[in-house]
Amino acid sequence: MNSREVQGGPAPYDPLTALREAGHPVDLLNERQRQVFAELSRPEVELLNSIKTRLDAAAGEVEGQELKLV
């Protein structure tokens, strides 16, 4: 056991977990892209989550019904 486990301290910050919990599809990224996100600071993750929340709110309920063919 390490000293954190013995003392019951907080776990180290995990950007990928924070992004997943906010609904970002980080598991769909390739390994190199995921590594970039894994190195983000807490303020960077908070900014991405804030932007995602605003975009989701602006999208409304009907976005999933829109179909675009390329």
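**Salt bridges in a helical chain**

Reply: In this predicted model, the chain follows the pattern α-α-α-α when read along the sequence, with four helices and zero strands. Buried residues account for 16% of its 70 residues. The accessible surface is about 6100 Å², and carbon and sulfur atoms contribute 55% of that area.

The count of salt bridges is three. One of them joins R20 to D27, with the closest N and O atoms 2.9 Å apart. R20 is partly exposed at 35% relative accessibility, and D27 is likewise partly exposed, at 49%.

A further salt bridge links the side chains of E31 and R34, at 3.0 Å from N to O. Because these residues lie three positions apart in helix α3 (residues 31-38), about one helical turn separates E31 from R34. E31 is exposed, with a relative accessible area of 52%, whereas R34 is buried, at 18%; the cut-off for buried is under 20%.

In helix α4, K52 and D56 are four residues apart and so are separated by about one helical turn. Their salt bridge brings the closest N and O atoms to 2.6 Å. D56 counts as partly exposed, with 44% relative accessibility.

Helix α4, residues 42-59, also holds L55. L55 is exposed, with a relative accessible area of 56%. Together with L47 and I51, L55 forms a nonpolar patch on the surface, and the three share about 280 Å² of accessible area.

Definitions and conventions. Residues numbered from 1 in each chain as written. Predicted model: local features only at pLDDT ≥ 70, side-chain atom pairs only at ≥ 80, totals over all residues. Heavy atoms only, no water. Helix = DSSP H or I, 4+ residues; strand = E, 2+ residues; numbered from the N terminus. Buried < 20%, exposed > 50% of the residue type's maximum accessible area, 1.4 Å probe, protein only. Areas by Shrake-Rupley, 256 points an atom, 1.4 Å probe, with all protein chains shown as cover. Patch = residues over 30% accessible without salt bridge, like charges linked within 9 Å, V, L, I, M, F, W, Y side chains within 5 Å. Salt bridge = Lys/Arg side-chain N within 4 Å of Asp/Glu carboxyl O.
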